[in-house]
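Open the model in your viewer and get your selection tool ready. We will walk along the place where two parts of one chain meet.

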Amino acid sequence: MNAAKFIWMNGKYVPWDEAQIHVLSHTLHYGNGVIEGTKAYKTDKGYAIFRLNEHTKRLKESAKMTLIDIPFTVEEMNEAQIELVRKNEFTGDNVYIRPFAFLGYGVMGLYHKDAPVETVMAAWEWGAYLGEEGLRRGIRLKIASMTRPANTSNMGKAKASANYLNSQMAKFEAIESGYDEALLLDDQGYVAEASGACFFMVRDGQLISPPNDNSLESITQKTVIEMAGKMGLEVVRRRITREEIYVADEAFLTGTAAEITPVREVDARLIGKGERGPITEKIQSGYFDIVFGRDPAYEHYLTYI
Ligand code: PMP
């Protein structure tokens, strides 16, 4: 990874290499932590963080869901991220911000009420999550053999570290099988989400994305739905089964890191012509216009540094 200069830890900026914790930190053992993934892009007017407040608010909400009491307000954490991007003096186009909270050292055993809460914001330069070529040509997606855990035993709307064990297993399987990314179904066989992104497909000119019944409430997905509406595209939120994807005209993934990544193949079936489709391309270029500050209609989503 690309190291940066400073990391914000519990209210203080510390040099990158000094942001360390004890090996007996609670979260390392039992997995209760929450994370965010936010991006800053280099616009003509300097760096701008995309939908900052919503990301920070989701961190607070994920923490509430998993019984972690973050001792900072959304406003304080917003301010910390703005200052963090400034202090690190980045130069590239893409900066990824990772705010997170976890349980530190001092308590063992599962009952975590007295475990100290550690709050951290890190940022570093990180380009296209699924590769520049993936953005242009599309990626190959594999439906994972594991499903998302059922809502009766998991909280998929929490961006909880523990949820990423399931994602990690699916991603590993996909890559080891020669694919780029994994798509997870829910326990009923309907599309939930990709290992770290949401799913859209196009059929007969209609843009279809599953409801967030068993997935993160994705901020990029919400942005795409808003954009599509303004472009005059019909957007439908409904359940999707795997065989519908195989005959879709186009498909793409959405996420802060994945941005708008076209899908050219799913489980050995080419999607459409096996390349980035025209609607995907329109959404993708519209999205980059927004995050790079080239679309005045969406200026209100940008926090300039
Ligand atoms: N689902 C999962 C499991 C994710 O990790 C992400 C990335 N945060 C998403 C969906 C997309 O969410 P967002 O658009 O808010 O980044």
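Start with the charged pairs: two salt bridges cross the interface of domain 1 and domain 2, a salt bridge being a side-chain nitrogen of Lys or Arg within 4 Å of a carboxyl oxygen of Asp or Glu. Select Glu-54 and Lys-222, whose side chains form a salt bridge at 3.2 Å, N to O.

A word on the ground rules: this is a predicted model, where local features need pLDDT of at least 70, side-chain atom pairs count only at pLDDT 80 or more, and totals for chains, interfaces and linings use all residues. Residues are numbered from 1 along each chain as its sequence is written, and side-chain values use heavy atoms, with hydrogens and water left out.

Now colour the two domains: domain 1 is 6-125 and domain 2 is 132-291, with bounds from an automatic or database domain assignment. Their C-alpha centres lie 26 Å apart. The contact (heavy atoms within 4.5 Å) involves 20 residues of domain 1 and 21 residues of domain 2.

Then select Tyr-41, Phe-50 and Arg-58: they supply 32% of the area that domain 1 buries against domain 2, more than any other three residues.

Notes: Buried area is the accessible area (1.4 Å probe) that two parts lose on being put together, summed over both.
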